[in-house]
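Dear colleague,

I am passing on the structure we spoke about, together with some notes on its sheet and its cavity. Please look it over before reading further.

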Amino acid sequence: MRRYILTGAPGSGKTALLRQLELDGYAVVEEAATDVIALRQALGVDEPWREPGFLERIVDLQRTRELATAGRAVAFFDRSPVCTLALGRHLGIPVPATLLAEVDRAAKTYEPTAFLVRGQGFVHPTAARRIGVEEASRFERIHEETYRELGFTLVDVPAGPLAARVSVISSAVSDV
């Protein structure tokens with residue numbers, strides 16, 4: 001199985017890309033962090049990223065979702081454990097051993113090429129996404145640095161219309 005990661009800042013359009021790739025017949029895996037945040041907020045925790053175990057909850061959900069893609073030739077992941085590491089760095093959260101182990105595993109199980117989805121120049125805030133454009137740009141750089149540090153090759157997916165962005169991804173995958 002070939003596992004490709006879509007990474008980038010919040011609000012860059014990864015989910016829209018994932019939806020189109022899914023319609024194109026690919027297996028897709030949803031982002032875990034947003035769902036972890038939404039669930040904890042529904043349980044009354046306003047800022048779940050401040051709770052102990054936050055990063056571990058994300059890793060557990062990512063792993064569970066990854067297992068659901070077994071048997072598929074190609075799958076696209078909206079984020080990965082490497083993104084969770086970048087999130088921990090961005091938030092200044094100590095990185096737990098479970099996350100480091102998952103990052104190590106990710107470097108061996110995901111394709112060495114990941115897709116860096118560039119921001120579109122705006123961010124629509126949500127209860128889980130409390131980030132502006134400037135902070136999103138800083139967060140994008142942290143993602144880029146983290147992936148490169150771990151040896152991933154990043155394919156730049158520039159801002160633009162959805163069809164053009166999907167084409168960048170489809171072309172890179174078909175060239176493999």
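Below are the conventions, then the sheet, then the cavity.

This is a predicted model, in which local features need pLDDT of at least 70 and side-chain atom pairs count only at pLDDT 80 or more, while totals for chains, interfaces and linings use all residues. Residues are numbered from 1 along each chain as its sequence is written, and side-chain values use heavy atoms, with hydrogens and water left out.

Five strands form an open sheet in the order β2-β3-β1-β4-β5, with parallel pairing (strands are DSSP runs of E, at least two residues, and helices runs of H or I, at least four, numbered from the N terminus; two strands pair if DSSP finds at least two bridges between them). Because β2 (27–29) and β5 (153–157) stand at the edges with a single partner strand each, one side of each is left without a neighbour in the sheet. Strand β1 (residues 2–7) runs parallel to β4 (residues 113–117) and is joined to it by two bridges; Thr 7 has Leu 116 of β4 as its bridge partner.

A search of the whole structure finds one cavity of 30 Å³ or more (on a 1 Å grid over the protein atoms alone, a set of points where a 1.4 Å probe fits but cannot get out, with lining residues having an atom within 4 Å of a point; grid points are joined across faces, edges and corners, and a volume is the space filled by probe spheres set on the points). The largest cavity has a volume of about 60 Å³, and its lining includes Val 29, Gln 62, Arg 65, Phe 77 and Tyr 110. Both α3 (54–67) and β3 supply at least two residues each of that lining.

Best regards

Terms used: 1 Å grid on protein atoms, 1.4 Å probe; cavity = no way out; pocket = protein on both sides within 12 Å on 5 of 7 lines; lining within 4 Å.
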